[in-house]
Amino acid sequence: MPGRVKQHALKLVYEFCRARYPDDMWANYHLYCQMRLNTMTLFKWYASQDQPRSKWKRTPLAQFHYDSERDLWTLSYADIDRRWRRYDGTSQSSDLMALLDEASRDPNGIFFGDKPTSGTS
């Protein structure tokens with residue numbers, strides 16, 4: 001992944017995470033992104049209800065794969081067995097923000113399941 005694409009993608013994901021779970025919600029939830037080669041994986045970290053506050057759990061939410069030959073992003077979701085499946089709700093896009101918006105909109109409840117009380121549209 002070209003450096004300019006990576007930096008732009010990380011900036012968009014950072015802003016997305018901060019908007020989805022603003023500062024007042026970070027005591028219970030965090031979103032973070034792990035980048036490996038041409039793939040960014042978005043995880044939700046949350047405080048476990050049955051463990052001490054020092055124990056956090058993580059759940060994979062969405063994966064964004066960059067096709068550098070075509071300059072396109074693809075959105076995937078983790079199924080019940082945590083295998084990645086291509087999301088049918090959108091096609092590939094050169095606009096990563098459009099795919100982040102679709103994951104946030106989550107019309108089928110496969111990314112976040114439930115909407116936070118604050119955050120993006």
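This is a predicted model: local features need pLDDT of at least 70, side-chain atom pairs count only at pLDDT 80 or more; totals for chains, interfaces and linings use all residues.

Numbering runs from 1 along each chain as its sequence is written, and side-chain values use heavy atoms, leaving out hydrogens and water.

Aromatic pairs next. I found 4 of them in the structure; rings of Phe, Tyr and Trp (its six-membered ring) pair if their centres lie within 6.5 Å, with planes under 30 degrees apart stacked, over 60 edge-to-face and the rest tilted. F16 and F112 make a tilted pair, 6.4 Å centre to centre with 45° between the planes. F16 sits in helix α1 (residues 3-20) and F112 in the segment after α2, so this pair ties together parts 96 residues apart in sequence. For elements I go by DSSP runs numbered from the N terminus: helices are H or I of at least four residues, strands E of at least two.

I then looked at Y87 and F111. Their ring centres are 5.1 Å apart and the planes are at 65°, so I logged the pair as edge-to-face. Y87 is in the loop between β5 and α2 and F111 in the segment after α2, 24 residues apart, so this pair too links distant parts of the chain. Y87 is buried at 3% relative accessible area, and F111 is buried at 4%.

What sits over the ring of F43? I see the charged end of R58 there, 4.2 Å from the ring centre (the rule: NZ of Lys or CZ of Arg within 6 Å of the centre and within 35 degrees of the ring normal).

On to α2 (96-105). Its buried residues are L96, L99, L100, E102, A103 and S104, and they pack against α1, β2 (39-47), β3 (56-67) and β4 (contact meaning heavy atoms within 4.5 Å). At the N-terminal end D95 is the cap, with a side-chain oxygen 3.1 Å from the backbone nitrogen of M97.

Last, phi. Most residues other than glycine have a negative value.

Notes. Buried means under 20% relative accessible area, exposed over 50%, partly exposed in between (1.4 Å probe, protein chains only). A polar contact is a pair of N or O atoms within 3.5 Å; within protein, one must be able to donate a hydrogen and the other to accept it, and residues adjacent in sequence count only if both atoms are side-chain atoms.
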